[in-house]
Amino acid sequence: MRIDVVSIFPEYLAALELSLIGKARQDGVLDVRVHDLRTFTTDRHRTVDDTPYGGGAGMVMKPEPWAQALDAVLADAPSPDRPTLVVPSPAGAVFDQAMAHDMASLDHLVFACGRYEGIDERAIEWARDGFDVRPVSLGDYVLNGGEVAVLAMVEAVGRLIPGVVGNPESLVEESHSDGLLEYPVYTKPSSWRGRDVPEVLLSGNHAKIAQWRRVEQFRRTADRRPDLLADVDATALTKADLAA
Ligand code: 6GU
């Protein structure tokens, strides 16, 4: 998978050289390229922003550097297919695990990190000619720019690409994989500071353990994220769960 990120703070994306994503890049599984938006300016001050028409606080990113940067990305695209352009914004659709899976199926993702009050809307409209444009938000709060959101999204998407997470089994039983939160986990010692690991987990009875974990998933989800339960298939709750 090819990922291009355009930002005025390319150093922010250095974290993508670490851990599993960094390893996947070294292994050639992920081809991540970070571009400095300012290299696509032409004035002496390398200006990327200006005051908003209509007034108001803050600055708006000028459209032309974005068009230059995105044209350069298109010119160097790995295939003639339209890449997906993710525009991180608190005004976007909320990113979730389903969206991560959807993005993981794509060959070429491009992230346009806005700063200040955002990017001139005409640049976003213009980009629709060459890209499948998707404004995406991490949630209902405001960040200063798209870089931190891109770190989160590239990690969430990248770990779904075969070969990025060493043991693919790790992806099967985790929070949100079945619409529920993950069950609690424990390791040695079995008794620690007066607290014991739930006995069923020491029983060796795999059917009972699976049932206990399922119940804990529902308990935890009902407690912390009751909103998720509305979307969970009722058949996910088995008779065995209810009896527990
Ligand atoms: Cl994707 N960008 C910014 N700037 N703020 C956000 C966000 C994204 N998601 C939540 N807040």
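Modeller: Below, each label is taken up with its definition. The model is predicted, with local features requiring pLDDT of at least 70, side-chain atom pairs counted only at pLDDT 80 or more, and totals for chains, interfaces and linings using all residues. Residues are numbered from 1 along each chain as its sequence is written.

Biologist: Fine. What makes Leu180 count as buried or exposed?

Modeller: A residue is buried if 20 or more other C-beta atoms, placed from the backbone, lie within 10 Å of its own, exposed if 12 or fewer, and partly exposed in between. Leu180 has 22 other C-beta atoms within 10 Å, so Leu180 is buried. Leu180 sits in the loop between helix 5 (147–158) and strand 8 (191–192). As for distances, 42 Å separate the C-alpha atoms of Leu180 and Ala72, which are 108 residues apart along the chain.

Biologist: And how do you know which class His176 belongs to?

Modeller: His176 has 15 other C-beta atoms within 10 Å, so partly exposed is the label. His176 is also in the loop between helix 5 and strand 8, and has a positive phi of about 80° although it is not a glycine.

Biologist: What class does Arg193 get, then?

Modeller: Exposed, because Arg193 has 5 C-beta neighbours inside 10 Å. Arg193 lies in the loop between strand 8 and strand 9 (195–196). The phi of Arg193 is positive too, about 50°, and again this is not a glycine.

Biologist: Which peptide bond is cis?

Modeller: The one from Lys188 to Pro189, with omega near 5°. Pro189 is found in the loop between helix 5 and strand 8.

Biologist: On to the sheet. What do you call a strand, and what makes two of them a pair?

Modeller: Strands (E, at least two residues) and helices (H or I, at least four) are DSSP runs, numbered from the N terminus. Two strands pair if DSSP finds at least two bridges between them. Strand 1 (residues 2–7) and strand 6 (residues 108–112) have 5 bridges and run parallel, so by the cut-off of at least two they are a pair. Within this pair, Ile3 has Leu109 as its bridge partner, and Arg2 stands opposite His108.

Biologist: How many bridges join strand 1 to strand 2?

Modeller: They pair in the parallel sense over 6 bridges, with Ser7 opposite Asp36. Strand 5 joins strand 6 over 3 bridges, also parallel, and there Thr84 faces Leu109. Strand 5 and strand 7 pair in the parallel sense over 7 bridges, with Leu85 opposite Val133.

Biologist: Why is the sheet called open, and which strands stand at the edges?

Modeller: Its 5 strands come in the order 2-1-6-5-7, with parallel pairing. Strand 2 (31–36) and strand 7 are at the edges, each with a single partner strand, so one side of each has no neighbour in the sheet. Neighbouring strands are turned by 30° against each other on average, direction ignored; the axes are lines fitted to C-alpha atoms, and angles run from 0 to 180 degrees between N-to-C directions.

Biologist: What makes you say strand 1 is mostly covered?

Modeller: 5 of the 6 residues of strand 1 are buried.

Biologist: What makes the β-α-β unit of strand 1, helix 1 and strand 2 right-handed?

Modeller: With the strands pointing away from the viewer, a right-handed crossover has a clockwise path from the first strand over the helix to the second. The unit of strand 1, helix 1 (residues 19–26) and strand 2 is right-handed.

Biologist: Now the ligand. What puts a residue in its shell, and how many are there?

Modeller: A residue is near a molecule if its C-beta atom, placed from the backbone, lies within 6 Å of it. 13 residues surround the ligand, and the closest are Pro88, Pro90, Leu138, Leu143 and Ala149. Strand 5 (84–94) and strand 7 (132–137) are the elements that give two or more residues to the shell, and the largest share, 3 residues, comes from strand 5.

Biologist: What classes make up that shell?

Modeller: 8 nonpolar, 5 polar and no charged residues. Nonpolar means Ala, Val, Leu, Ile, Met, Phe, Trp, Tyr, Cys and Pro, charged means Asp, Glu, Lys and Arg, and the others, Gly among them, are polar.
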